[in-house]
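Here is a short tour of a protein model. Keep the sequence and the 3D view side by side as you read.

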Protein chains: 2
Amino acid sequence: MSDFKSRLLDRLPAWQWLKHYNTVTLKSDLLASLIVIAMLVPQGMAYAMLAGLPPVMGLYASVLPMIIYAFFGSSPTLSIGPVAIISMMTFATLNPLFEVGSPVYIQAACLLALMVGVISLLLGMLRFGFLIQLISHPVIKSFIIASALLIALGQLKFLFNVPLQTNNIPEFVLSVFEYIGLMHWESLIFGIASILFLVFMPKFFNLEAVKQRLGASGFIIKSLPLVLVVVSIALVYFFNLQQVGIKTVGEIPSGFPALSMPFWNLELVLQLLPGAAMIAMISFVESLSIAQATALQQRSQLNSNQELIALGAANIGAGLSSAFPVTGSLSRTVVNADAGAKTSMAGVLSSLFIVLVSLYFTGFFRDLPLTVLAATIIVSIWKLVELKPFIDTWRYSKADGLAMWITFFGVLFIDISTGLIIGIVSTFILLLWRISRPHIAEIGLVEGTQHFRNIQRHQVITSAKVLSIRIDEDLTFLNSNTLKGFLINAVSQKPELEHVVINGSSISAIDLSALEMLEDLDNELRKLNIQLHFSEVKGPVMDKLQRSKLLNHLSGKIFLTHYQAIRELSPDIT
Amino acid sequence: MSDFKSRLLDRLPAWQWLKHYNTVTLKSDLLASLIVIAMLVPQGMAYAMLAGLPPVMGLYASVLPMIIYAFFGSSPTLSIGPVAIISMMTFATLNPLFEVGSPVYIQAACLLALMVGVISLLLGMLRFGFLIQLISHPVIKSFIIASALLIALGQLKFLFNVPLQTNNIPEFVLSVFEYIGLMHWESLIFGIASILFLVFMPKFFNLEAVKQRLGASGFIIKSLPLVLVVVSIALVYFFNLQQVGIKTVGEIPSGFPALSMPFWNLELVLQLLPGAAMIAMISFVESLSIAQATALQQRSQLNSNQELIALGAANIGAGLSSAFPVTGSLSRTVVNADAGAKTSMAGVLSSLFIVLVSLYFTGFFRDLPLTVLAATIIVSIWKLVELKPFIDTWRYSKADGLAMWITFFGVLFIDISTGLIIGIVSTFILLLWRISRPHIAEIGLVEGTQHFRNIQRHQVITSAKVLSIRIDEDLTFLNSNTLKGFLINAVSQKPELEHVVINGSSISAIDLSALEMLEDLDNELRKLNIQLHFSEVKGPVMDKLQRSKLLNHLSGKIFLTHYQAIRELSPDIT
């Protein structure tokens with residue numbers, strides 16, 4: 001393969017599947033796309049509403065981004081489009097700046113998508129994909145759980161039909177006290193009925209008896225939200241429920257918006273920048289994990305920067321087609337793969353169906369009650385709210401558990417973006433804290449072996465003339481003083497000391513601060529006629545030490561193994 | 001020894017030397033204290049001026065802090081008092097808030113010392129001494145060099161006798177253009193003559209011929225600044241140089257100020273807090289390294305938190321006795337030790353001499369020209385300005401070198417405090433960056449041994465069915481994705497793969513993000529009929545893994561050594 005072709009393939013993974021496309025794969029892709037559509041239409045509209053936008057924008061957000069990802073992305077089954085967390089973050093970014101749902105709010109949502117796209121594209125092209133690692137799993141998990149709680153609470157305003165505030169818990173509690181008297185009972189009953197339908201119907205179709213009569217019931221369960229939508233539209237239409245105060249989606253402009261650049265100016269861009277950067281980060285986290293699983297199963301290489309470029313291009317497409325920020329949806333990707341999607345063509349086909357819907361069937365959704373859309377959001381999001389990850393994480397590691405709680409309370413009690421940032425910063429601090437408190441042990445020889453172990457945990461042989469130390473961490477400015485302090489105190493307890501041997505088997509790096517500490521230590525020990533030695537220094541560390549003065553002046557030696565050091569320095573005990 | 005006594009000893013190290021005090025030690029201490037005094041008087045006055053304060057406050061700052069440290073500190077020779085860097089930081093903290101030298105400025109300097117003391121004391125009592133490690137050596141070095149440059153530039157205002165600004169280089173350049181025409185030639189000539197005296201007289205006394213005639217010339221060299229002070233006072237007095245416009249120290253209130261609480265209110269405390277915290281940190285860095293060297297040489301234990309408590313008490317003493325922030329002075333400590341000081345009594349004695357000076361001899365300093373004090377500062381500080389550390393550091397490590405330059409330019413072009421903070425933050429970012437890019441290698445067996453080495457560096461045996469991976473870093477959220485990406489790509493290149501073995505010899509910690517990555521990886525590999533194994537897992541890591549689900553579900557095994565793993569999984573190659 002020529003170099004040009006291979007580079008083209010890197011940038012356009014679609015090449016691969018387009019070459020071998022045939023009617024068999026088309027048939028599976030077509031079926032999968034129909035099943036995904038049944039989920040995508042209600043989800044798209046609901047998530048648009050979640051972002052504070054007209055429901056029809058959820059349809060727009062499912063078209064161009066999906067088609068663009070099909071050409072640039074590596075996962076054939078990834079379904080890209082509106083996703084709850086990203087919609088929530090969009091809301092959290094725009095809500096403080098503009099009146100929700102106003103024309104300027106809508107324009108800003110498109111601009112936000114464009115900015116998310118440009119940021120992702122740039123990061124991908126600059127090969128900065130590794131930045132994703134700045135967010136640890138506990139922080140992401142806690143962020144998703146806390147956001148899901150806020151999302152669910154946020155939907156109560158449609159169920160109760162009163163303007164509750166849900167930027168954080170204190171605001172929510174205050175506004176509940178303010179509006180609880182104005183609650184609209186009809187909307188609430190309709191909403192609760194929808195929730196019960198969505199919760200109990202799947203259980204019914206999962207009963208063994210029902211399953212056996214119907215054959216497979218999977219597709220029915222997946223399309224229950226669509227059934228609910230159709231039924232509730234019919235109820236509103238036939239019983240004229242708008243008259244009792246049930247709010248509905250209302251008139252939707254039919255047709256598909258022309259591609260256009262959203263309104264922008266520098267001030268607006270700067271206002272949206274922090275939000276856009278965080279949305280870009282979280283949307284990458286969400287879709288990369290899906291793409292990684294796909295790559296491993298297909299035993300194909302994965303270039304995470306290329307994924308970032310694909311996601312960036314998809315969001316630019318969203319921004320230019322009157323939509324809002326998108327990313328890969330785990331739930332729809334699973335359905336798509338289960339339904340037999342073979343290539344990205346499945347995604348392209350579902351996009352085309354959505355175009356048909358927005359061209360000819362938008363009138364149909366006019367009478368869809370908002371309380372029903374809110375119910376679908378609450379049911380789908382509530383599955384994410386769990387306490388168990390907090391308990392499991394705390395049990396495994398106090399530091400990770402602490403980061404989780406910090407993120408959780410940050411999101412719930414300040415706001416979604418600040419909570420995420422506090423969480424991320426807390427993981428850095430906790431990591432630096434751990435590095436600054438390394439495990440340091442005096443070690444001794446296990447009798448009859450060549451192994452050395454902690455003298456406080458094991459029965460080992462030591463010598464009054466030799467002090468053996470092992471530190472289980474890279475030596476950096478954060479812990480070099482800890483090691484020096486440990487050595488000062490150890491030396492003070494051994495009046496006959498002649499040799500100190502530092503075991504380097506766990507040291508993968510020595511920074512300048514640690515190097516200078518070792519040089520100082522060597523000078524100070526020399527005055528006491530004590531020699532400083534090292535054993536089991538790793539190759540890359542040795543390479544670096546050779547560029548320093550330490551090795552020239554060192555009073556002692558570098559031994560290949562700790563056993564050799566002890567055999568030479570203290571022949572009596574080996 | 002009773003528990004009470006041992007705890008008293010921890011808090012009051014003075015107990016030890018007071019018990020054994022006698023006339024022999026008194027004689028050495030007395031001599032040393034006289035030699036230190038010769039340095040301390042001009043230094044103290046000069047550093048007070050550096051802090052923007054009346055020179056006499058430099059005398060006050062050398063009394064109570066020194067006496068207090070003698071009782072609480074662990075180093076018998078450490079000379080505590082005014083120090084150039086800390087005076088400069090005091091100036092940088094107060095200069096933006098108050099008019100330099102005004103009564104409120106002076107009160108704020110006392111309050112600052114008190115706050116530095118309280119912060120240090122609290123940190124010591126809470127055992128937070130390890131926080132000192134947040135500042136790496138390259139940052140400290142660069143901070144000192146850049147500050148020294150600014151200090152030297154700052155003295156030019158006394159040499160030129162015009163109000164030059166020296167908060168940063170751009171301000172300095174602008175004010176030079178503004179004031180260069182108003183320069184006072186007589187002051188400049190007097191100042192340059194003083195500089196030449198201080199630079200060339202030591203060279204003269206160091207000539208072999210002169211040394212032999214005088215016997216030891218060390219003491220003479222040490223007291224040259226005092227000689228200069230006396231000579232210049234005489235010149236001003238006899239030739240009435242004030243009349244040509246030479247500025248002098250002026251009338252100094254004789255007597256010693258009564259202990260008093262400096263004026264304070266909450267607003268002022270909050271304004272001074274960031275500066276106080278940084279001064280506390282730097283003053284601890286400065287004196288701890290001296291105390292560590294002392295402890296090692298005496299083979300005594302060192303409790304760094306106790307040092308912090310001693311330094312805190314000393315600064316509280318400074319705040320209550322009309323002085324400004326103090327710390328251990330390396331230059332005076334060296335002189336003190338060289339002059340034969342045996343115990344902290346040497347410091348106490350020099351304090352008592354200073355009291356005598358401030359009670360009876362302040363009138364003597366009335367005619368001391370400011371340009372001469374400025375000259376002593378420039379000469380003593382200029383030794384700190386070097387380029388070599390930048391070159392050496394850069395050669396050893398690009399990350400440390402980068403941190404140095406960032407600190408340097410931050411201090412010179414923004415200001416001393418911001419520069420320090422930028423420098424510290426940059427080291428954190430560079431550390432996280434390094435951790436996020438660990439060294440990962442596929443390893444193979446070195447023929448005829450049980451050792452495994454990087455397949456790209458060494459001639460080793462591998463098997464198509466087994467992939468051996470070693471990562472030279474703890475597994476955390478910062479690098480777990482890097483490892484996963486490496487594995488995905490390695491798996492894609494080995495179609496016959498059946499086993500993946502991760503060598504844990506360099507892994508001292510696995511955080512939750514990395515644990516979950518491993519669990520995911522195990523699940524994904526299982527679907528491809530590939531088993532995941534570990535070898536050489538360290539004890540503490542194993543303890544932690546046993547609290548997780550990974551070990552229960554793991555498709556493969558944990559092997560004690562990598563060789564055992566390969567022998568079992570791929571018997572053909574061993």
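## How the copies meet

This is a predicted model. Start with the contact between the copies. Of the interface residues of chain B, 100% are also interface residues in chain A, so the copies meet through the same surface.

How is chain B laid on chain A? It takes a turn of 180° and a shift of 0.0 Å along the axis. The RMSD is then 0.1 Å. The two copies are thus related as by a two-fold rotation axis. To find this axis in chain B, look for S506(B). Its C-alpha is the nearest to the axis in that chain, at 2.7 Å.

## One chain

## The nonpolar core

In soluble globular proteins, nonpolar side chains tend to be buried together. Here, the largest nonpolar core holds 353 residues. Which of its residues touch the most other members? They are L112(A), F324(A), L112(B) and F324(B).

Set aside its neighbours within four places in sequence. L112(B) is then in contact with T90(B), T93(B), L94(B), L272(B), G275(B), A276(B), F324(B) and P325(B).

Next, find strand β7 of chain B, residues 531-535. Is it mostly covered or mostly open? β7(B) is mostly covered, with four of its five residues buried.

β7(B) pairs with β6(B), residues 499-503, and with β8(B), residues 558-559. The table sets out both pairings.

| Strand pair | Direction | Bridges | Residues standing opposite |
|---|---|---|---|
| β6(B) and β7(B) | parallel | five | V501(B) and H533(B) |
| β7(B) and β8(B) | parallel | two | F534(B) and I558(B) |

How does the chain get from β6(B) to β7(B)? It crosses through helix α23 of chain B, residues 512-527. This β-α-β crossover is right-handed.

Notes
Residues numbered from 1 in each chain as written. Chains lettered and ligands numbered in written order. Predicted model: local features only at pLDDT ≥ 70, side-chain atom pairs only at ≥ 80, totals over all residues. Least-squares fit on C-alpha atoms with pLDDT ≥ 70 in both. Contact = placed C-beta atoms within 7 Å. Core = buried A, V, L, I, M, F, W, Y, C linked by C-beta atoms within 7 Å. Buried ≥ 20, exposed ≤ 12 C-beta atoms within 10 Å, placed from the backbone. Pairing = 2+ DSSP bridges. Right-handed = clockwise from strand over helix to strand, strands pointing away.
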